[in-house]
Amino acid sequence: MSDKSNKIVLAYSGGLDTSIILKWLQETYKADIVAFIADVGQGEETEPAIEKAKKTGACAVYCEDLREEFVRDFVFPALRANAIYEGSYLLGTSVARPLIAKAQIEALRKENAYAVAHGATGKGNDQVRFELTCMALEPDVRIIAPWRDPKWDLTSRTKMIEYAEKHGIEIPVSRKKPYSNDRNLLHLSSEGGVLEDPWVEAPEDVYQLTVDPVKAPDEPTYVEIDFEQGTPVAVDGARLGPVALLEKLNEIAGANGVGRVDIVENRFVGMKSRGVYETPGGTVLYAAHRAVESITMDREVMLQRDELSPRIAQLIYNGFWYSPEMDAAMAYVDKSQENVTGTARVKLYKGNCMVVGRKAPKSLYDEKITTFEDDEGAYHQMDATGFIRLNALRLRVRNRAGLLDM
């Protein structure tokens, strides 16, 4: 790009950080600020964010509806990979960042801007996710990260709130309830405030997508999910697009208190962080997907995919969506999902998500072989004798060599 304009494209959400950063960038860099808003399912937050950006002084506002692309090209691939970070986190924030950064770079090109900016702090993961994506897609891009800027002196939530009050900027937090939230179609995350003490139970006012499991219905809810090659396509027999499907499951699961996770995770930068996540529909999808896999995937194929799953989760969490190792890993995942077509039936009850049924047109589950009744010669039990003896051979040799320490 040549003859760049005096514009900075800011990834803008209307939250505490970016609401203040928009004004701060104007004052500090004497630049025109383009507010880029990515609609990844935050819903009612979008329109107020557009108006706030204009009111705060943005020279232009982009609001891109990325919901379909988000679910289809990011959430569902992570689901097919069974990507779960540190055993609990379904990557709700992590998986959205590469898409937002990609769209932000597209806005940079349209505006012929000289830089992009974001509101991620120097302590978090998002700074890495945004910047790795930006540099992967636009190698020479200039990135402004106010939290790491020597001129930045708003070094606490308290100072930022004071700055907002001074400049008349409306912010979505208060001194009494200073949670930092990130919401999209997959989840809602909450951090900060009283949540910074990992011993303190999260107050009920933290939760927005799920009812208190104690107050959930006294009768269980059953839901059936159809998959085609590892991708969910229908709920209770009704085919739905990616957005409508996830919205439907969010509604059903949220009403049953399903999808709450309270964890302390290892951030990429090295520190531990406590987060409270709500992923109602995603929780159901992961359980249902695994259930269909259990009767359609070959054992060794599943084993290799499962070895890749934590690595893929780590790549997503750390911001390496657009990397050669991610491409290679996902190529295997896609191959592994070719026969993952079928239906899972899930029971939701007071915060619990339990698989109670699964079926598939090309199921590898053979009842004639598995049955405890007469298998009519489908399986010869005496074959197991040689199988066991061969597997025990190295153990026996080890013992005879005197290498067994008992």
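Guide: A residue is buried under 20% relative accessible area, exposed over 50% and partly exposed in between (1.4 Å probe, protein chains only). This is a predicted model, in which local features need pLDDT of at least 70 and side-chain atom pairs count only at pLDDT 80 or more, while totals for chains, interfaces and linings use all residues. Residues are numbered from 1 along each chain as its sequence is written, and side-chain values use heavy atoms, with hydrogens and water left out.

Visitor: How many of the 8 residues of strand β2 are buried?

Guide: Strand β2 spans residues 32-39; strands (E, at least two residues) and helices (H or I, at least four) are DSSP runs numbered from the N terminus. This strand is mostly covered, and its count of buried residues is 7.

Visitor: Which residue in β2 is the bridge partner of K7?

Guide: Two strands pair if DSSP finds at least two bridges between them. Strand β1 (residues 7-11) and β2 meet this with 5 bridges in the parallel sense. For K7, the partner in β2 is D32.

Visitor: Which residue in β3 stands opposite A35?

Guide: β2 also pairs with strand β3 (residues 60-65), in the parallel sense, over 6 bridges. In that pairing the residue of β3 opposite A35 is V61.

Visitor: Which strands stand at the edges of the open sheet of 4 strands?

Guide: The sheet runs in the order β6-β7-β12-β11 with antiparallel pairing. One side of each edge strand is left without a neighbour in the sheet because it has a single partner strand; the two are β6 (180-183) and β11 (260-266).

Visitor: Which residue in β12 stands opposite L188?

Guide: Strands β7 (residues 188-191) and β12 (residues 272-278) run antiparallel and are joined by 3 bridges. Opposite L188, β12 places E278.

Visitor: At which residue does the kink in α9 lie?

Guide: The bend at a residue is the angle between axes fitted to the seven residues ending there and the seven starting there. The kink in α9 is about 30 degrees and comes shortly before the proline P310. Among the buried residues of the helix are M302, R305, I312 and S309. The kink lies at S309.

Visitor: Is F70 buried or exposed?

Guide: F70 is in helix α3. Not counting residues up to four places away in sequence, its contacts (heavy atoms within 4.5 Å) include V40, G92, L99 and L186. Because its relative accessibility is 0%, F70 counts as buried.

Visitor: What distance separates the C-alpha atoms of S363 and E170?

Guide: S363 is found in the loop between β14 (352-359) and α11 (367-370). With a relative accessible area of 29%, S363 is partly exposed. S363 and E170 are 193 residues apart along the chain, and their C-alpha atoms are separated by 56 Å.
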